[in-house]
Amino acid sequence: MSIKCNHCQIAFENEVMIKENDLFFCCKGCQSVYYLLQDEDLGSFYNKLGNKTLASVKKHEQNDLNNFDEESFFKNYVKETQDGFSHIDLIIEGIHCSACVWLNEKILFELEGIIEAKINFTNNKAKIIFDKDEIKLSSIISKIRSIGYDAYAYDISLSDENASEAKKDYFIRMMVAVFSSVNIMMLGVAKYTGFFTGIDDDIKHMIHLAEFILCTPVLFYSGSIFFKGAYHALRNKLINMDFLVCSGASLSYIYSLYILGGGAGESYFDSVSMIITFVLVGKYLEVLGKKSAIDTLDTIKSKVPLFATLIKADEKVIVNIQEIKVGDVLELKTGEQACVDGELLAYESSFDEAALSGESLSVNKKEKDPIYSSSINLGSLVQYKALKTYEKSTLNSIVVLLEDSLNNKPKIEEKANEFSKVFSLLILAISLLTFCTWYFFGLSMGFSYGDISVFEKSFIVAISVIVIACPCALALATPMASLIGISALAKKGLLFKEAKYIEEMAKADVMVLDKTGTLTKGLLRVKDFNLSTNNAFHLSLMYSLVDSSTHPISKALKKYLEEKYKNLEYIKLKNIKNFNGKGLSAFYENTKKERFELLGGNLSFLKEHSISTSFRSTSSEYIFCINKEVFACVTLEDELKEDAKEFILYTKKNNIDTVILSGDNINAVKSIAKDLDIKEFYGNVNPIEKANYIKSLKEKNKRVIMVGDGVNDALALSYANVSIVMKSGTDIAILVSDIVILNNSLKALKEALILSKRTYYFIKQNLLISLLYNMITIPLAVFGFVIPLVAALSMSLSSLIVVLNSLRIKNKG
Amino acid sequence: MISDTLFMMLFVGLFLSFIVLGFFIWGAKTGQFDDTSKMMDGLLFDSEEDLNDAVKKEKKISDAKNKFKSSK
């Protein structure tokens, strides 16, 4: 039976829980946070949490708190406010829901000396204003850590402030436009009903006046960015979308003013505000995208270690990482992250290089072996020599490259947009031509149109051309189909961050896949299991040894043994020693005082204990020896996801090339590629090489989809046309990605390809419909057969057709 | 007569809605809509206790500012 932890709300097996009266905790960390919250009278946090779960509390073992009080740190990250207080920007790690935000804000606010603590839930950035005479920075950080979160300082950049400002500005402009458009539409109901039932001239005039009041701020406040954009483009002798938007809108506005002033006809204030609103919403989404790219970068940058321990003439000095010079000797404690590239000097240790290779297995390193920045020391305390400065180290170069690629993410040229640009220019030209022809022809022939002059008549006809060709249907063609496509995709467990990736997905011709976690489950599984004798007691010894470790190999073996052998006993072993990344050794003494020496590990571990065996494996191996005699030889392999084969078959059928790009060793990659029948595969690839590979594909004019999950894929992901990340991937990869697969399955990826193609097909169909529609109606308008009333009505009709057509996307699948 | 009533209703309505829009813009400018995710859960943090906290917060800020000024 499983029980929920009272703090983090995650359910665990009954046996592993810490019991205390009616309370259950999964770990000491959760327990201490629970009591702390009760003491501080913050128990209502759990009510606010609802049915969400938190991460289990991890204890902080590093003693880096003093570093936060260093003067160099203070100088780099703390700013002074106008009132003379101190201000620091932090990124809080571990925030899952708004209750977490509430808890952090509240507990910080209760601290003496903190003036203001504001946490943004969307990007986890915190702004803390404090009095440096009353509270130390280290006590702020330790308070946050004490309740199970962690905080990193980051340097708030100018681009971040600008992006926040732009976001706010566009938001207000958009809301003014939406507010006015909605109201104008409501008045429109009265006006259009009036067409059929008859309407008094003075009431119609009144509606026009109200529309004028509502429309003016839309055009001149919300729409002013288009005027600016058009002006800048014109100065550079360019015509852009902005120019077309504002020329169309202004012309209709001026004409409507003329109607308002007493001219005969219908006003088009509604069209003006609609056009501005639609285009503005699109622009706002662009601004949002830019802001989130900046937030991503700040999160990555904040994870970079800030200090290193430098050893200078037997003295330990803590220095800022920027001050490290080539040749400096640095110390790396357990759990610390290396900040520059270098080579190991003393002692052996194992390193977690997941950030670079994406592999969860740790790597064992000896003296003179290279150390890469961003790898985490898992073993004992070591010293290493810096071979590069921080600026030139792997970690920083990845951050810099990522910054470039995120800031200049290539604009996907959207066919629909390109098309409507040309189309709109054409319409403007046609309407100008129409006006001239009607005017001069009318003058020279001496036509008269009742109570309106030739000029007025020509003007009305020219405007009706613009209105009937109003890019509304055209503008709706893509977003409507995309919207329905995206919601259909979301139901299948696919999260598209922006609609434009549908088009890219549909047109992709190369798919680059990461191995671990994408094609495989990232879990080891026993492939071959050979015993020298079938001895139940020996098996129990082996079982007990693997049970004592949490290494992935041990875990996989334990699961395998439990499934295959029923009568295993747990035997208490003595003197269990863990050789990181190599194996385990232990002793067992039975009642007859017989001693068994147990060894279990990889080939190099056996070699060190001078045991020879002919056993060789193509992937991970595990050999178990009793008294220096080999008892079991095991080959372990990463397990393929169930639907991997089906997925690869589908891509082949649709002429999408697949490539495996992995940081794992080439043999492991080869065996997976063979299983899946993939011709192109690369092993031992580092993050920068991955990104370069994507770049070279793009230089060959290929459209690349990259699927990955690790920090090591982040750079390559940001270079690809479309990047897809599994939900189980690291935070950074998810932030960089365009599409997230929520259920981690390759079947969903296949669905994504199918549905994108279908949606793209409908986008093209919609464009065709609106084009055909215009081809019929524009000539009619040019020759003056369309009265403005019909023009306005048919505008809605064409939009309606496009919307209804898009709804058909959902019908299949 | 009808048109007079309609005229009044329409423009009083417009006037009121512009006041609401004004408040909205004020809210956006003071940063109340900066954090969209937090805004969505705002309902959870609207109890009496939270209101008291908000008052305490204001007070703490002004106290600190006064103290700072007097110490200078």
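A: Happy to! Keep in mind that this is a predicted model. Let's begin where the two chains meet: 25 residues of chain B are in contact with 26 residues of chain A. On chain B's side, the elements that each give two or more residues are α1 (2-29), α2 (36-40) and α3 (48-71) of chain B. Among these, α1(B) provides the largest share, with ten residues. Sorted by class, the side of chain B that touches chain A holds 14 nonpolar, four polar and seven charged residues.

Chain B has 72 residues, of which 1% count as buried.

Now for the helix pair, which lies in chain A. Helix α21 (residues 644-653) of chain A and helix α26 (residues 746-782) of chain A have axes that come within 8 Å and cross at roughly 20°. Angles under 35 degrees count as roughly parallel, so α21(A) is roughly parallel to α26(A). The crossing of α21(A) and α26(A) is left-handed.

Which residues make this contact? From α21(A) they are A:A644, A:F647 and A:Y650, and from α26(A) they are A:L746, A:L749 and A:K750. By class, the contact of α21(A) with α26(A) has five nonpolar residues, one charged residue and no polar ones.

Note on methods: Residues are numbered from 1 along each chain as its sequence is written. Chains are lettered from A and ligands numbered from 1 in the order in which they are written. This is a predicted model: local features need pLDDT of at least 70, side-chain atom pairs count only at pLDDT 80 or more; totals for chains, interfaces and linings use all residues. Two residues are in contact if their C-beta atoms, placed from the backbone, lie within 7 Å. Helices (H or I, at least four residues) and strands (E, at least two) are DSSP runs, numbered from the N terminus. Ala, Val, Leu, Ile, Met, Phe, Trp, Tyr, Cys and Pro count as nonpolar, Asp, Glu, Lys and Arg as charged, and the others, Gly among them, as polar. Axes are lines fitted to C-alpha atoms, for helices over the stretch in contact, and angles run from 0 to 180 degrees between N-to-C directions. Angles under 35 degrees count as roughly parallel, over 145 as roughly antiparallel, 65 to 115 as roughly perpendicular and the rest as oblique. A crossing is left-handed if the near helix is turned anticlockwise from the far one by less than a right angle, and right-handed if clockwise. A residue is buried if 20 or more other C-beta atoms lie within 10 Å of its own, exposed if 12 or fewer, and partly exposed in between; C-beta atoms are placed from the backbone.
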